[in-house]
Amino acid sequence: MRHILLFRIFRDHCLFLTRGQIERVLTLATRPTNKELHWLLSEKYLARRYRADTYGHFQTPVYYLGTLGWHMVGNLADDYKEYRLRILQRAERQMEHTLSIYDVVLKFIMESNVKRIIDGEDKFWQDAIDFGNLPDGWIQFNENGAFIEVDRGTERPIVLKKKFENYIKFYESGSYANLFPERVFKVLVFMTNEERIESLQETTTSDDIWFCTMKEFLKEPLNHAHWFALRGFYALSAVSKKEV
């Protein structure tokens, strides 16, 4: 069942994952995970490419669906070549940010009842709305919904300030309610450290934009009260433990 869950995550939400991320899905320790990966690769359920963006990442693999795994989740064999090229041609400069987004997605999948995920590359954003932002994603979990923004510490505060303003205008205009009826509006911003949060706390006037460090988000339960917002600290509501 864990293998099927992993294959579906690759099919629906994540182009590729690291060994550590796969370990979280399989809920195994490092050595058993390595053994499982060896078998999945040998049987062509998974394939891999190697990263070479920095010395630290040189020859570090990321994994994706192999030909058999692709078939197992109902995909057409003729489409596999295009899928594989999307991964092999992925620019190295995008990898770290993409993997950080996948960290967030996996956390929600493993610890809540996710009903819908719209990733940042989905044509939905270009076709359905035009509010000046291209979100890293939107997740509907249980009865809630939230935009996802992963900050790697590279964007200037003025750029983020404009992005936050666009979100608020989108909400206040009624466009959010039209697009996602009956879903509470939230923007979850994942930061590199607390100092970064402090430097950005005055860039928004909305209590619907929540900040947290990525490290704490991944470490603590999903309903932990670690979200900093304009008027205090909050926890995600209506988060129930996922049943597997």
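This is a predicted model: local features need pLDDT of at least 70, side-chain atom pairs count only at pLDDT 80 or more; totals for chains, interfaces and linings use all residues.

**Exercise 1. Find which parts the salt bridge between Glu92 and Arg51 ties together.**

Step 1: Start with the pair itself. The side chains of Glu92 and Arg51 form a salt bridge, with 4.0 Å from N to O.

Step 2: Place each partner. Glu92 belongs to helix α6 and Arg51 to strand β1, so the bridge links parts 41 residues apart in sequence.

Step 3: Check the surroundings. Arg51 is buried, because its relative accessibility is 3%, while Glu92, at 23%, is partly exposed.

**Exercise 2. Work out where Arg90 and Glu121 lie, and whether each is buried or partly exposed.**

Step 1: These two residues form a salt bridge whose closest N and O atoms are 2.5 Å apart.

Step 2: Arg90 sits in the loop between α5 and α6, and Glu121 in the loop between β3 (114–119) and α7 (124–128), so parts 31 residues apart in sequence are tied together.

Step 3: Apply the cut-off: buried means under 20% relative accessible area. Arg90 has 11% and is therefore buried; Glu121 has 47% and counts as partly exposed.

**Exercise 3. Describe helix α6, its span and how many of its residues are buried.**

Step 1: α6 has 20 residues, and from first to last C-alpha it reaches 29 Å, close to the expected 28 Å.

Step 2: Of those 20 residues, 14 are buried, so the helix is largely enclosed by the rest of the structure.

Step 3: Look for a salt bridge inside the helix. Lys107 and Glu111 are joined by one at 3.0 Å, N to O, and they sit four residues apart in α6, about one turn.

Step 4: Lys107 is buried at 5% relative accessible area, whereas Glu111 is partly exposed at 28%.

**Exercise 4. Say where Tyr176 lies and what its side chain meets.**

Step 1: Tyr176 is part of helix α9, residues 175–179.

Step 2: With a relative accessible area of 1%, Tyr176 is buried.

Step 3: Beyond its sequence neighbours within four places, Tyr176 is in contact with several residues, including Phe147, Phe170 and Arg183.

Step 4: The Tyr176 side chain also makes a polar contact with the side chain of Trp138, at 3.4 Å.

Note on methods:
Residues are numbered from 1 along each chain as its sequence is written. Side-chain values use heavy atoms; hydrogens and water are left out. Helices (H or I, at least four residues) and strands (E, at least two) are DSSP runs, numbered from the N terminus. Buried means under 20% relative accessible area, exposed over 50%, partly exposed in between (1.4 Å probe, protein chains only). Contact means heavy atoms within 4.5 Å. A polar contact is a pair of N or O atoms within 3.5 Å; within protein, one must be able to donate a hydrogen and the other to accept it, and residues adjacent in sequence count only if both atoms are side-chain atoms. The expected span of a helix is 1.5 Å times one less than its number of residues.
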